[in-house]
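Trainee: I would like to go through the labels on this model. Please show me the structure.

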Amino acid sequence: MSKEPKNLEQRDGFQSKWGFILACIGSAVGMGNIWRFPIMVQKYGGMTFLLPYFIFVILIGSTGVIEEFALGRRAAAGPVGAFGMCTKERTGSEKSGKAIGAIPIIGALMLAIGYTVVLGWIFKYTFMSLSGSLFSLGTDMGAIGGTFGMTAPEAETLPEALKAMASAGFFGIGNGVWQIVALVVSLAIMVMGVAGGIEKANKVMMPVLFGLFLVLAVYIGTLPGASEGYKYILTLNPAGLLKPDLWVFAFGQAFFSLSVAGNGSVIYGSYLSKSEDIPSSARNVAVFDTIAALLAAVVIIPAMAVVLGQGINDVSGGPGLMFVYLVNVFNAMPAGRIIGAIFYICVLFAGVSSIVNLYEAPIAFLQEHFKFKRAAAVGIIGVIGLVVSIAIQPWTSQWMDVVSIYICPLGAALAGIMFFWVLGKEKALAAVNEGAKKPIGGWFFPLGKWVYVICAVLALILGVMYGGIG
């Protein structure tokens, strides 16, 4: 594989098939797998939720994930260059495509900025779990909730958030120091390049994450009361399958978990060798992302059942689950300090691998279109990410809602339209089949064009209707 960003004589790239797959798994395995998926499984009745979730994973993994990898690889560029390629091949001009391609880049940067705040929380809690200060909070929910409240202050509006941060000197409240630590670690990986940084880091982080989650699952399974958690997971209520909300949220979970947004998967695909089998790689990414989500569920749901019993029904997802309820749960169980430390290390690896993917799209954009050296591009994007993420801390939830409800689904829909509608069938299939051991089936193109693209548009519409579905 080549080395250095597409300007095009030399372009950095993944050095192995599994390096690419592990990096893509790392980009997909994020907070949604850990603080949302288990609660969806618990809330909607275990297998009652999992069956439609699996259906949507198969649909999106066999269309959208393949499409974004192939789109990036064919253009050897991120969204701006890839969308420009599509419109140029259809109309002779790349201008409109490049302009549209800016939308996923903006989405990736905004999501990365919000994620920087969250990753700062994760770094702080990982340190606290290792030092014992988290365990020392015991099961006092007032102390546990107060600790997170100090870490993640809240404001109703962006002006209120900026005013609060400015009046406190930007480091007087919130978690700014740990955000800097989190960002420096992430950028250090990125400055070393795709093969030397991103690929090598994920080759370590992903096996360790899966291995530690497996250890946690086995240990928690030995505790009295864990069986009640497995009952939640294995419950099947056929009548529940008739509820539209169940299908909406199962779709949203699968859609966002697989990271189809027209940015990260496109840019990682652009670093992929022409000899690699894209359908096979997409299948592996979908399978291992699902395994990670299931591992999180069989850790978190039985753990809550052990400590909370029927109180598990009162627990909601999101940051409150990971930084409040689970602190109480781990602190109350045998070997809780060790279990908590292992859990937050897993979460840290999931967070770092995801944020690296999100920042890569805007960094590559600076390299491709403004000829920046890697270090300069990383530095510029890093400064933007740091300044904005510290300023918006009390408004992080609303910031992430704007990105996830509007920009990410729009980016996914635009990428699908470019590939399936603008590029055209013959060239699209050639892009997918290049390097494949056998040509993809005749089902792929019509399924992508008429089902996946419509689903991506629906993700935007349903997100607006429900106030977020993933």
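Mentor: We will take the labels in turn and set each value against its definition.

Mentor: This is a predicted model, where local features need pLDDT of at least 70, side-chain atom pairs count only at pLDDT 80 or more, and totals for chains, interfaces and linings use all residues. Residues are numbered from 1 along each chain as its sequence is written, and side-chain values use heavy atoms, with hydrogens and water left out.

Trainee: How many disulfides are there by the rule?

Mentor: The count is zero. The rule asks for a pair of cysteine sulfur atoms within 2.5 Å. For C86, the nearest cysteine sulfur belongs to C24 and is 19 Å away, so C86 is in no disulfide by that cut-off.

Trainee: Is C86 buried or exposed?

Mentor: Buried means under 20% relative accessible area, exposed means over 50%, and partly exposed lies in between (1.4 Å probe, protein chains only). C86 has 0%, so it is buried. C408 has 5%, so C408 counts as buried too.

Trainee: Why is S281 called buried?

Mentor: S281 has a relative accessible area of 0%, so the label is buried. S281 is found in helix α14. Leaving aside residues up to four places away in sequence, S281 touches K17, F20 and I21. Contact means heavy atoms within 4.5 Å.

Trainee: What makes α14 oblique to α15?

Mentor: Helix α14 (residues 278–308) and helix α15 (residues 319–332) pack at about 60 degrees, with axes 9 Å apart. Angles under 35 degrees are roughly parallel, over 145 roughly antiparallel, 65 to 115 roughly perpendicular, and the rest oblique. About 60 degrees falls in the rest, so α14 is oblique to α15.

Trainee: Which residues of α14 and α15 meet?

Mentor: I300, A303, M304, V307 and L308 in α14 meet L321, L326, N328, V329 and A332 in α15. These divide into nine nonpolar, one polar and no charged.

Technical notes: Axes are lines fitted to C-alpha atoms, for helices over the stretch in contact, and angles run from 0 to 180 degrees between N-to-C directions. Helices (H or I, at least four residues) and strands (E, at least two) are DSSP runs, numbered from the N terminus. Ala, Val, Leu, Ile, Met, Phe, Trp, Tyr, Cys and Pro count as nonpolar, Asp, Glu, Lys and Arg as charged, and the others, Gly among them, as polar.
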